[in-house]
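Hello,

Here is the structure for you to look at. My notes on it follow below.

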Number of protein chains: 2
Amino acid sequence: MSEGILTARRKNILNAVVESYIGSARPVGSRALVQRCQYNLSPATIRNEMAELESRGYITQPHTSAGRIPTDKGYRFYVDHLLKIEKIDKFFLSRLNREYRSRRRTLEEIIRETSKALASVTHHTAVVLAPQFVKGSPSRVELVATGGKRFLMLLVSNFGLVEDKFIQVEEQISGKELRKLNELLNNQDREALKESLLGLKKESKEGFSRLYRKAQRVLREIHNEKDRKKVYMDGTSFFLDEPEFKDGEKIGVLLRSLEQEETFERIFKSTAGDEIKVLIGRECGCKEMKECSVVFASYRLGEKPIGKVGVIGPKRMDYRQAVTLVSSTAKRLSSIFNHLDGVGKEGVHQV
Amino acid sequence: MSEGILTARRKNILNAVVESYIGSARPVGSRALVQRCQYNLSPATIRNEMAELESRGYITQPHTSAGRIPTDKGYRFYVDHLLKIEKIDKFFLSRLNREYRSRRRTLEEIIRETSKALASVTHHTAVVLAPQFVKGSPSRVELVATGGKRFLMLLVSNFGLVEDKFIQVEEQISGKELRKLNELLNNQDREALKESLLGLKKESKEGFSRLYRKAQRVLREIHNEKDRKKVYMDGTSFFLDEPEFKDGEKIGVLLRSLEQEETFERIFKSTAGDEIKVLIGRECGCKEMKECSVVFASYRLGEKPIGKVGVIGPKRMDYRQAVTLVSSTAKRLSSIFNHLDGVGKEGVHQV
DNA sequence: ATTTAGCACTCAAGTTCTTAGAGTGCTAAT
DNA sequence: ATTAGCACTCTAAGAACTTGAGTGCTAAAT
């Protein structure tokens, strides 16, 4: 019996505890719950129910004579079963669009701006992981001379991300040769290569083919690298507003760990599914963050998830808002990467 | 007489006060100074001298029965007249080089890494402002098709920075036309434009010339924009280690203001001169930072300053170290941007 | 004319003690 | 099953006290 599912009343009380605690940051007592609870009960009854909820591990007391606060399990239940969420926040989306419209025209700027906006509405730390190179997505190569014997190899993804690498050779390469090379690199046509080589003067041949080989090598390297992601983060200072992080010590280790990119790889690896993901407390997988929750989602190129976006805040965060906003943002980013966002019409990329 | 310059002994004492305070973060009393001071004096004498220094505004007491701490003026004097600095930290430079060598090949990664490294050795917040486009520096334009009617215009600076903008037209553009366009954009030859147009089919002409005009417009816009800089910042969490920032309030407003890019424009605008610059307390020009100091320098492309690098820390920072490291870093960045760093040989950009 | 010893005084910071109040669990009555 | 009542617990906030580092001043010593 004590095993079974929670009674409706208990759910209601748990819900009230979580929401009250989220709002006030202080343990909630039976008194306060009377008003918040749908049922018309006396404090004493509530106390009994709370004792029950505590014995099942959903809530706990910071000390004997205090009210209750949710445990990780309590938050989990709240998020999984009690939270009613809308999937899209139109208001925020229109804000995002406005933001984008104002003269940001590069993908990177859009991502930066997204992270800023998300942080500023949620009042939590926002993170966007942006892909640097997406396997399987069509892309063009451009070799550009940058003075001397240095060349910049640009890899331009179909959806607008640019990646650049330096390449250096000993020989001088003419503009004409460079153009040929570019053609070659994009066509991947071995026959054409040989043909072109035939048309060259002897002394040119060497530099030409060397540059070609190097470029090929770099391309291969890029393809073989496991997906690197760039981290964009904003709003870390919001942690300082939260009463549970008043302690300078705790917040230090937390921020420190947020500054390391590995942290995100760890957090975001539990990527499965199409859904939005909520990690609570220790679920985040690193102990510096056991007082935090993370709400995140993937955004996609076609079907393939290419990046993540999320917010990080205290466990006490407004999950409803966070889920809605993160979900909206992910959708927005997906549509931008897939060029099907109508952004052009609205003037974002327009010139 | 009390106007004149400080006596050698007073300088020595001031120096001791500053350095002791930098080291310990607590007001220094006459006792402690006895040991630190070169002269062999009793506490009483030191007290007299300290009273004198205080009346001249170099040091002050946080409260009546405490030791002295330096005022902004005291730090200023210390930095201007008492600090003996070496200009280059070979050790750090070699660390930087090692860092770069390990497979970072894009300019942006180098800058990111620089900022990280500077933060991690100084244990202070490090900032690098990177140029996005440098006027007067030669650059190439490449238009790249990214599916549909979208084009990415790449602006590749001679020194290796890439900037990208989306351009969209209504018409379809063929690969051949695109190549022509690229040639045109880089040669700026009006005659050639007309000639190319003649060679085109009628229905192509329109799209072609429209794309050309748009590209030209974007180029002009970029040229007219006042220099935008990208901000790279690391190590903000180091502030939390400093005892003077134990207060959660203060640090909140500080970090918040560091998250805004305008702050840096304000700080770094006092650019004059070739030298390294030290701003102390209110000199930073914004009140959120009145407990901070900034040490920064410009790095250059040829003679022209194109970006800044610096550290931000408490006024109590180790100025000797900061000056040396910032100066080294600026030199290093300059040489990288100017392609005269021998990095190629050492393998940084090498492939 | 400096320098120094000595002393009375000040003040922050830490400690202990006290109090007030919120909240609980239990028992007995509804 | 619910609730009123009550004794009990524990934190948070404040008051009172103590400690010690550090000062400024005066008068003696160099």
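How many residues of chain A are in contact with chain B? 40 residues of chain A are in contact with 40 residues of chain B, where contact means that the C-beta atoms, placed from the backbone, lie within 7 Å.

This is a predicted model: local features need pLDDT of at least 70, side-chain atom pairs count only at pLDDT 80 or more, and totals for chains, interfaces and linings use all residues. Residues are numbered from 1 along each chain as its sequence is written, while chains are lettered from A and ligands numbered from 1 in the order in which they are written.

The chain interface

On the side of chain A that touches chain B, strand 6 of chain A gives the most, with six residues. (Helices, H or I, of at least four residues and strands, E, of at least two are DSSP runs, numbered from the N terminus.) Of the interface residues of chain A, 100% are also interface residues in chain B, so the copies meet through the same surface.

Chain A can be laid on chain B with an RMSD of 0.1 Å by a turn of 180 degrees and a shift of 0.0 Å along the axis (least squares on C-alpha atoms of residues with pLDDT of at least 70 in both). The two copies are therefore related as by a two-fold rotation axis. In chain A, the C-alpha of A:Gly248 is nearest the axis, 3.4 Å from it.

The DNA

There are 20 residues around DNA strand C, and A:Gly29, B:Ser42, B:Thr45, B:Thr64 and B:Ser65 come nearest (near means a C-beta atom, placed from the backbone, within 6 Å). Helix 3 of chain A supplies the largest share of this surface, four residues.

Regards

Terms used
Two residues are in contact if their C-beta atoms, placed from the backbone, lie within 7 Å.
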